[in-house]
Amino acid sequence: AILAAPEAAGTATDSISQALATSLDRHEAVTRAAELDLEVIALANSDAVALVVTEFVGGRRVAGTGFSVRVRGDTGWIATSRHLVIDSVGRPAAKLGVLFNGTSQNFRADLVGTADSADLALLVVRVRRGVPVVRTLGKGAYRGEPVAMLGFPFGFDFPVGGDWRRVGVRVSRFTGTVRAVGRDRLEID
């Protein structure tokens, strides 16, 4: 009935065409994400992903994801979120540690610096036999691009349970697509 009225036909058709185009774009993006070989990506990079553990003055503790982006000898540099290492009034954490994927050993870390305009921090950690480093980082992101995500979105609350002290921490693995790219954020579906 909407399409039968001549004055409404153009508007309704345009609206339906736009909805169909959006749906097809989303379907193609999800299909590309499903085609990523998450197992290969995880095998190459999971050892360089770390659970960052933080304790602030007063005893508040938080945990989140970091990943080793550079290594030289026994020293590794870990990129993580600024909000994990700086409290809401700008004080740095009293204690920092990192547990690499597959381990239960908490290595002491030190804060190197934070970004003023982004939720980004850099830590340094020393490990006698060296630190694993991620093999590949993306060059940039664009809307609809498929991505693989490795990390600890639940902190110590692992979705599969288990005693991390006995078996080590284990990364969660997901695929998704870039939903939006902003100056100070990246949204993932």
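**The whole chain**

Begin with the entire protein, which is a predicted model. The protein has 189 residues, of which 33% count as buried. Its secondary structure consists of four helices and nine strands. Read along the sequence, these elements follow the pattern α-α-β-β-β-α-β-β-β-β-α-β-β.

Next, colour the chain by pLDDT. The mean value for the protein is 83, and 79% of the residues reach 70 or more.

**Ser46, between α2 and β1**

Select Ser46, which lies in the loop between α2 (38-45) and β1 (49-55). Is this residue buried or exposed? Ser46 has a relative accessible area of 8%, and it is therefore buried, since buried means under 20%. Ser46 and Val133 are 87 residues apart in sequence, yet their C-alpha atoms are 9.1 Å apart in space.

Continue to β1 and select it together with strand β2, residues 61-72. These two strands pair in the antiparallel sense over seven bridges. To view one of the pairings, select Val52 and its bridge partner in β2, Gly64. The hairpin of β1 and β2 has five residues between the strands, and Gly58 there takes a positive phi near 100 degrees.

Now select Glu55 and Arg61 and display their side chains. The two side chains meet in a salt bridge, with 3.1 Å from N to O. Arg61 has a relative accessibility of 64% and so counts as exposed.

β2 and β3 run antiparallel and are joined by six bridges. Arg72 stands opposite Thr75 in β3. The hairpin of β2 and β3 has two residues between its strands, and Gly73 takes a positive phi near 60 degrees.

**A salt bridge at Asp87 and Arg91**

The structure holds four salt bridges, and the next stop shows another of them. Select Asp87 and Arg91, whose side chains meet at 2.8 Å, N to O. How do the two partners stand in terms of accessibility? Asp87 counts as buried because its relative accessibility is 13%. Arg91 has a relative accessible area of 47% and is therefore partly exposed.

Select strand β4 (residues 95-100) and strand β5 (residues 107-114), which pair in the antiparallel sense over two bridges. Gly97 stands opposite Arg108 in β5. The two strands form a hairpin with six residues between them, and Gly102 in the turn has a positive phi of about 85 degrees.

Arg108 counts as exposed because its relative accessibility is 63%, whereas Asp110, at 26%, counts as partly exposed.

Now select Phe100 and Phe107 and display their rings. The structure holds one aromatic pair. Its ring centres are 6.3 Å apart and the planes of Phe100 and Phe107 stand at 55 degrees, so the pair is tilted. Phe100 has a relative accessibility of 5% and therefore counts as buried. Phe107, at 15%, also counts as buried.

Move on from β5 to β6. How many bridges pair these two strands? There are five, and the strands run in the antiparallel sense. Gly113 has Leu122 in β6 as its bridge partner. A hairpin of six residues joins β5 to β6.

Val181 belongs to strand β8, residues 172-181. Its relative accessibility is 47%, so Val181 counts as partly exposed.

Methods. Residues numbered from 1 in each chain as written. Predicted model: local features only at pLDDT ≥ 70, side-chain atom pairs only at ≥ 80, totals over all residues. Heavy atoms only, no water. Buried < 20%, exposed > 50% of the residue type's maximum accessible area, 1.4 Å probe, protein only. pLDDT = per-residue confidence, 0-100. Pairing = 2+ DSSP bridges. Phe/Tyr/Trp six-rings, centres within 6.5 Å; stacked < 30°, edge-to-face > 60°.
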